[in-house]
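Subject: Structure handover

Hi,

I am passing this structure on to you. Please open it alongside this email and follow the notes below.

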Amino acid sequence: MAGTPQTAAEGRPDRATKGFLAHRNLLFTVAYEMLGSAADAEDVLQETWLRWAGVDLATVRDQRAYLVRITTRQALIRLRTLGRRKESYVGFWLPEPLLTAPDVAEDVALADSVSMAMLLVLETLAPTERAVFVLREVFDLGYDEIAEAVDKSPDAVRQIAYRARAHVAARRPRQVVSPTEARYALDAFQRAVETGDLQSLLDILAPDAVLLGDGGGVKQAVLRPIVGVDKVARLVIGGWGKVAGITSLRPAQVNGHPALVVQFDGELDTVLALRIDDGLISGIYAIRNPEKLSHMQWETLLSR
């Protein structure tokens, strides 16, 4: 895995390596929540390690805080580069899905913070706002620590955090969805699609349901949001009807929540993540770009 340092020559990790490895999952989670891209998060970890390896550890009081600060700064640099790439991206850009372990779902706050719906909300924040929100609301860092990470004063960070919280609160899912409720909606969606039952699909979709697709110009996908329960339902049923027989749906744990993986002729083709509000599916996110599906081959370890 990228971002994992080599151990000392005698085969035992040195002090710097031990410190980095002890916090690696946390650092990846910070970078991923800031970027929405696992590949870019891994690159940020490589840069973090290179800088950490040159630090005089005798001057470091809190290794966790120091590493988070390096990671945040590198993620901010990468976030601005990623923003330029998105400007030329073909179609709609969706975050990169992660196959996650069951313990991520058990941490409700962590699962909510890495959900596809929340990552899309974070996309609407400016880079520094996103960093401040993630560090404060998800990882509970103090304002002084965050100020050092984003090169702002603590007072400025407090103001940024206030604005970011208000912005996110107006756009995030209206409530935390229980695993039982999520599985019920997912099962109902899967049954309706597999049986071609349009009415059952209409029943589980919210009136203002939105379907977003990400093919990256490599795979066919809707280029603009499809809005409205009738349009979304007919597109899903119609599209599935064309490939039924050679395509299958299977449940998976993606970004801490139940999702569906579409296999075409036995190969991974699409990840379908859902947003659920008031028991109904209000968002369907179809990630098809092959470059974004590499982290669906193994479970990604996340932590706070």
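This is a predicted model: local features need pLDDT of at least 70, side-chain atom pairs count only at pLDDT 80 or more; totals for chains, interfaces and linings use all residues.

**The largest pocket**

Start with the largest pocket. Its volume is about 760 Å³. A total of 23 residues line the largest pocket. Nearest its centre lie Gln 220, Leu 235, Gly 239, Trp 240 and Arg 288.

Which element gives the largest share of this lining? Helix 12 does, with six residues. Helix 12 covers 229-243. Several other elements also supply at least two residues each. They are helix 10 (179-195), strand 2 (205-214), strand 5 (257-264), strand 6 (267-277) and strand 7 (280-287).

By class, the lining of the largest pocket holds 14 nonpolar residues, five polar and four charged.

**The second largest pocket**

Now go to the second largest pocket. It holds about 470 Å³ of space. Its lining has 27 residues. Ala 111, Ser 115, Val 177, Gly 256 and His 257 lie nearest the centre of the second largest pocket.

The elements giving two or more residues here include helix 5 (108-114), helix 6 (116-122) and strand 4 (247-254).

The classes here are 16 nonpolar, seven polar and four charged.

**The strands behind the linings**

Take strand 4 and strand 5. They pair in the antiparallel sense, over eight bridges. To find the pairing on screen, go to Arg 250. Its bridge partner in strand 5 is Val 261. The hairpin of strand 4 and strand 5 has two residues between the strands. In that hairpin, Asn 255 takes a positive phi near 50 degrees.

Next, strand 5 and strand 6. This pair is also antiparallel, over five bridges. Val 262 has Thr 270 in strand 6 as its bridge partner. How many residues lie between the strands in the hairpin of strand 5 and strand 6? Two. Asp 265 in this hairpin takes a positive phi near 55 degrees.

So much for the handover.

Best wishes

Key. Residues are numbered from 1 along each chain as its sequence is written. Side-chain values use heavy atoms; hydrogens and water are left out. On a 1 Å grid over the protein atoms alone, a cavity is a set of points where a 1.4 Å probe fits but cannot get out, and a pocket is an open set with protein on both sides within 12 Å along at least five of seven lines; lining residues have an atom within 4 Å of a point. Grid points are joined across faces, edges and corners, and a volume is the space filled by probe spheres set on the points. Helices (H or I, at least four residues) and strands (E, at least two) are DSSP runs, numbered from the N terminus. Ala, Val, Leu, Ile, Met, Phe, Trp, Tyr, Cys and Pro count as nonpolar, Asp, Glu, Lys and Arg as charged, and the others, Gly among them, as polar. Two strands pair if DSSP finds at least two bridges between them.
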